[in-house]
Amino acid sequence: MSASYPAIRMRRSRATAWSRAMHRETILTPADLIWPLFVTEGRGVEDPVASLPGVSRWSLDGIAARAKEAVELGIPCLALFPNTPADRRSDDGAEAFNPDNLMCRAIRTIRDACGDDIGVLTDVALDPYTAHGQDGLLDQAGYVVNDDTVAVLVDQAVNQAEAGADIVAPSDMMDGRVKAIRMALEMGGHHNVQIMSYAAKYASAFYGPFRDAVGSGGLLKGDKKSYQMDPANTQEALREVALDIAEGADSVMVKPGLPYLDVLARVRDRFDVPVFAYQVSGEYAMIEAAAAAGAGDREALVLETLLAFKRAGAAGVLTYHAPLAARLLGG
Ligand SMILES: NCc1[nH]cc(CCC(=O)O)c1CC(=O)O
Ligand SMILES: [Mg+2]
């Protein structure tokens, strides 16, 4: 470039708040946020998750209150995860398609409290329902079998749709489940129930606090590496996303969040479907730990990390910081 300093001074546009606002390329709003909530049995229960400071499991009455709070704050969607009572967990995860399970009751509770003012996204995977904590069914050798698991996931997804879920979100990483779920939803008349597929979900060390929250952590033996992706791979993530789009996903997700922004950006560049990011439990815990240790300002860390997802191309972010962020953003 021939014209340079002093003709070009990059700092001119940064000198005042109004000018910074005018040049800002990316905007974060409460409408970008999806708030994950943990549901538990009982009445009037708020059960804090020790490894997720500031996050609790709520009984249905608390879930209704959180849903109303979310509407007030301008948060458009909730993601639900049940802490299934131990006596309802089994090797086959059959509680997943019980029409009166905690998940279905939570969906109906939110609908009663808020009508169509908020979206309800439900997790499709068996880990909150299995006695072994894996996302699918096991064979004799302890391998998570694909096709038989997909059949159960279909029943689970249809069960959630019948209870009123707006978006079903398969997080299990079985092959072919998006197509099978889409076909079953169409056949069941659930034409407008969306599928947000966890298309590129990695076998990550950042899920620990989540597993505590849904009560699967202590049950899980081994790992999920035979179905979740190797953190070393990005080409494979693009292939996963392409397959899920072809199978009928309305939107896709990359998970975890910040450590995988490169994957998110590449998915955004290559495909035209909305791509969401999940800032997972371990990421939340890291920010909280940093703030508690005085290593950073909590509110600034939260807003900066969430903005980074938008900058990388995310249509929205699942984050446990959703209510805090929405409040800070004036929701
Ligand atoms: N299907 C399970 C599921 N759905 C969302 C998360 C993790 C979310 C988080 O860590 O916040 C997990 C954990 C796992 O795969 O073991
Ligand atoms: Mg896949």
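Student: Hi! Which residues are around ligand 1?
Tutor: Hello! In this predicted model, the residues around ligand 1 are Asp123, Ala125, Asp127, Asp135, Ser171, Asp172, Tyr207, Phe210, Arg211, Lys224, Val280 and Ser281.

Student: How many of the shell residues are nonpolar, polar and charged?
Tutor: Six in that shell are charged, four are nonpolar and two are polar.

Student: What is the mean pLDDT of the protein?
Tutor: The mean pLDDT is 97, and 99% of the residues reach 70 or more. The model also scores ipTM 0.98 and pTM 0.97.

Student: Okay, strands now. Which residues of β10 are on each side?
Tutor: Strand β10 covers residues 316-319, with Gly316 and Leu318 on one side and Val317 and Thr319 on the other. These four are all buried, and both faces of the strand are covered.

Student: In what sense do β1 and β10 pair?
Tutor: Strand β1, residues 33-39, pairs with β10 in the parallel sense over two bridges. Strand β9, residues 275-279, also pairs with β10 in the parallel sense, over four bridges.

Student: And which residue is the bridge partner of Ile34?
Tutor: That is Leu318 in β10. Tyr278 stands opposite Leu318 as well.

Student: Let's stay with Ile34. Is it buried or exposed, and why?
Tutor: Ile34, which sits in strand β1, is buried because 24 other C-beta atoms lie within 10 Å of its own, and 20 or more is enough to count as buried.

Student: What is Ile34 in contact with, leaving aside its neighbours within four places in sequence?
Tutor: Its contacts are Cys77, Ala79, Leu121, Gly316, Val317, Leu318 and Ala322. Ile34 and His321 are 287 residues apart in sequence, with their C-alpha atoms 9.5 Å apart in space.

Student: Changing topic: which residues of helix α5 are buried?
Tutor: Arg177, Val178, Ile181, Arg182 and Leu185 are buried in α5, which spans residues 177-187. Seen down the helix axis, they fall within an arc of 130°, so they line one face of α5.

Student: Why do residues three or four places apart point the same way?
Tutor: An α-helix has 3.6 residues a turn, so residues with that spacing point the same way.

Student: Nice. What covers the buried residues of α5, and what is on the face turned away?
Tutor: The cover includes α4 (147-163), β6 (167-170), β7 (194-201) and α7 (235-247). The face turned away from the buried side carries the exposed residues Glu186 and Met187. After α5 comes Gly189, with a positive phi near 80°.

Student: Which residue has a positive phi although it is not a glycine?
Tutor: Met173, with a phi of about 65°. Met173 is in the loop between β6 and α5, and it is buried, with 24 other C-beta atoms within 10 Å.

Student: Last one: where is Leu329, and what is it in contact with?
Tutor: Leu329 is in the segment after α11 (322-328). Leaving aside neighbours within four places in sequence, Leu329 is in contact with Leu28, Thr29 and Pro30. Leu329 and Thr29 are 300 residues apart along the chain, yet their C-alpha atoms are separated by 6.4 Å. Leu329 counts as partly exposed because it has 18 C-beta neighbours inside 10 Å.

Note on methods: Residues are numbered from 1 along each chain as its sequence is written. Chains are lettered from A and ligands numbered from 1 in the order in which they are written. This is a predicted model: local features need pLDDT of at least 70, side-chain atom pairs count only at pLDDT 80 or more; totals for chains, interfaces and linings use all residues. A residue is near a molecule or strand if its C-beta atom, placed from the backbone, lies within 6 Å of it. Ala, Val, Leu, Ile, Met, Phe, Trp, Tyr, Cys and Pro count as nonpolar, Asp, Glu, Lys and Arg as charged, and the others, Gly among them, as polar. A residue is buried if 20 or more other C-beta atoms lie within 10 Å of its own, exposed if 12 or fewer, and partly exposed in between; C-beta atoms are placed from the backbone. Two strands pair if DSSP finds at least two bridges between them. pLDDT is the predictor's confidence in each residue, from 0 to 100. Two residues are in contact if their C-beta atoms, placed from the backbone, lie within 7 Å. The arc is that of the directions from the helix axis to the C-beta atoms.
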